[in-house]
Amino acid sequence: RKARTKKTEDRAAELREVIENAERQGRLTLRQVAHYLNELGITSPNGKQWHPNSVRRVRQQGAASGGS
C-alpha cells in the first residue's frame, strides 16, 4: 500500500510540474491547461482525457499537500 501511495504522490508531483509549465507558457485557464495536457498525450489520473475539473482537482491536491 505504501508503494502505491508513493507512486500516486510521484505522479501527482509530475503532473503539477507539467501544469506549472503550461501556466508559464501562458495557458492560464483550466480549459487551456486541460487542452495542453491532452495535446501532450498525458492521461488524467483516471487514465482518460483531461477536463478542466480534472486540472482543478490536481491543483487543489497540490495546494493541500504543500505544493504550489
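Reply: Of the contacts in the protein with a separation of 6 or more, 42% are between residues 24 or more positions apart; a contact here means heavy atoms within 4.5 Å. Please keep in mind that this is a predicted model, in which local features need pLDDT of at least 70 and side-chain atom pairs count only at pLDDT 80 or more, while totals for chains, interfaces and linings use all residues. Residues are numbered from 1 along each chain as its sequence is written, and side-chain values use heavy atoms, with hydrogens and water left out.

The protein has three helices and zero strands, in the order α-α-α from the N terminus. Helices are DSSP runs of H or I with at least four residues, strands are runs of E with at least two, and both are numbered from the N terminus. Of the 68 residues, 22% are buried, meaning under 20% relative accessible area, with exposed over 50% and partly exposed in between (1.4 Å probe, protein chains only).

From α2, Leu-30, Arg-31, Val-33, Ala-34 and Leu-37 meet Pro-52, Val-55, Arg-56 and Arg-59 of α3.

Now take each helix in turn. In α2, the buried residues are Val-33, Ala-34, Tyr-36 and Leu-37. They cover an arc of only 160 degrees around the axis, so they sit on the same side of α2; the arc is that of the directions from the helix axis to the C-beta atoms. Arg-31 and Glu-39 are exposed on the face turned away from that buried side.

In α3, Ser-54, Val-55, Val-58 and Gly-62 are buried. Seen down the axis, they fall within an arc of 100 degrees, so they line one face of α3. Ala-63 and Ala-64 are exposed on the other side of α3.

Pro-52 also belongs to α3, and its 30% relative accessibility makes it partly exposed. Beyond its neighbours within four places in sequence, Pro-52 is in contact with Leu-30, Arg-31 and Ala-34.

What lies between the helices? Gly-41, with a positive phi near 80 degrees, follows α2. Ile-42 is in the loop between α2 and α3 and is partly exposed, at a relative accessible area of 21%. Setting aside residues within four places in sequence, Ile-42 is in contact with Arg-11, Leu-15, Val-18, Leu-37 and Trp-50. The C-alpha atoms of Ile-42 and Leu-15 are 8.8 Å apart, although 27 residues separate the two in sequence.

Ser-44 lies in that loop as well, and at 3% relative accessibility Ser-44 counts as buried. Not counting residues up to four places away, Ser-44 touches Arg-11, Gln-49 and Trp-50.
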